[in-house]
Amino acid sequence: MEISGKTVVVTGASRGIGAAIAVGLARLGAGLVLNARSEESLEGVAAECRSHGAEVRTVAGDCALDQTAQFMVKAAKVIGEFGGFVHNAGVLHPGPALWELEEARFDEVFDTNVKAGYLLAKYAVPNLRRSGGGFAVFVGSGAANYPVAGWAAYSAAKAAEHALAFNLALEAPEIYTFVYSPGTVDTAMQQAGREAPGEIARMFQGFRDGGGLLTPEFTAGKLLAILQDPQRRFHGKVASYRDA
Ligand code: NAP
């Protein structure tokens, strides 16, 4: 998959894995549409991408809103050849048992991980199909298949996000669609896990104390290597950082 000269939409690009993916894409010569809610941090990442020569537009806002998805795809078409999207934005809200989790938090987890992926597909896929292809990457998680007390909503949302990607891969076979499982990565999400109420904090502390946390740049590099492989080996599947 050729990246240079294509415009890529990246959600959740204000920090962590999404920011590293954005900078990695800029280095490869992609144009970028970057999204997250924190405008200032997003602009900081955009500036870093521009320093690598990339044309960048930012769309600050909740990626689970129809309007945000529409703006992102419109902006991608303005920059130039729209190549695809990486739906990376995600929320975990670790700690409470399912019955203790506030409804608003449950909704936020599903809206960010799942609904935003549907909305991106809604606006991006018809455009990508018209131009003969492109790619759709969903940043998923091992949590989809791994129950842990204290992340029920996240685990269910990631399983739903994976299913969304697998079905999209069947419906639009010309678009290279896969889930990317980034590994255990040293980001704000991990910190939230370590600071969570309840037993789950111990698991997150163990990830860090065991010395196994990956850097965002490392896992972003692996995703971009997988994406550039013309074999499309992971269409309709989960690719992990170990597959690069
Ligand atoms: P992070 O540091 O918390 O970053 C999450 C990003 O998503 C931020 O840019 C955040 O920006 C954005 N975001 C959250 N809600 C949003 C919304 N409603 N609309 C737009 N942007 C939103 O987390 P991360 O670790 O980099 O996670 C990135 C992805 O990797 C997620 O999908 C996560 O589930 C997945 N993942 C992470 C790990 C890990 O170990 N870190 C493991 C497996 C999977 P704002 O707050 O500014 O909106």
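1. A search of the whole structure finds one cavity of 30 Å³ or more, a cavity being a set of points, on a 1 Å grid over the protein atoms alone, where a 1.4 Å probe fits but cannot get out. The model is predicted, so that local features need pLDDT of at least 70 and side-chain atom pairs count only at pLDDT 80 or more, while totals for chains, interfaces and linings use all residues. Residues are numbered from 1 along each chain as its sequence is written, and side-chain values use heavy atoms, with hydrogens and water left out.

2. The volume of the largest cavity is about 50 Å³, and its lining (residues with an atom within 4 Å of a point) includes Leu-92, His-93, Trp-151 and Tyr-154. By class, that lining has eight nonpolar, two polar and no charged residues.

3. The ligand sits in the largest pocket, where a pocket is an open set with protein on both sides within 12 Å along at least five of seven lines, and sitting there requires more than half of the ligand's atoms to lie within 2 Å of its grid points. Of the 31 residues around the ligand (a heavy atom within 4 Å), Arg-37, Ser-38, Asn-88, Tyr-154 and Thr-187 come nearest.

4. Taken alone, the ligand exposes 880 Å², of which the protein buries 96%, by the Shrake-Rupley method with a 1.4 Å probe.

Methods
Grid points are joined across faces, edges and corners, and a volume is the space filled by probe spheres set on the points. Ala, Val, Leu, Ile, Met, Phe, Trp, Tyr, Cys and Pro count as nonpolar, Asp, Glu, Lys and Arg as charged, and the others, Gly among them, as polar.
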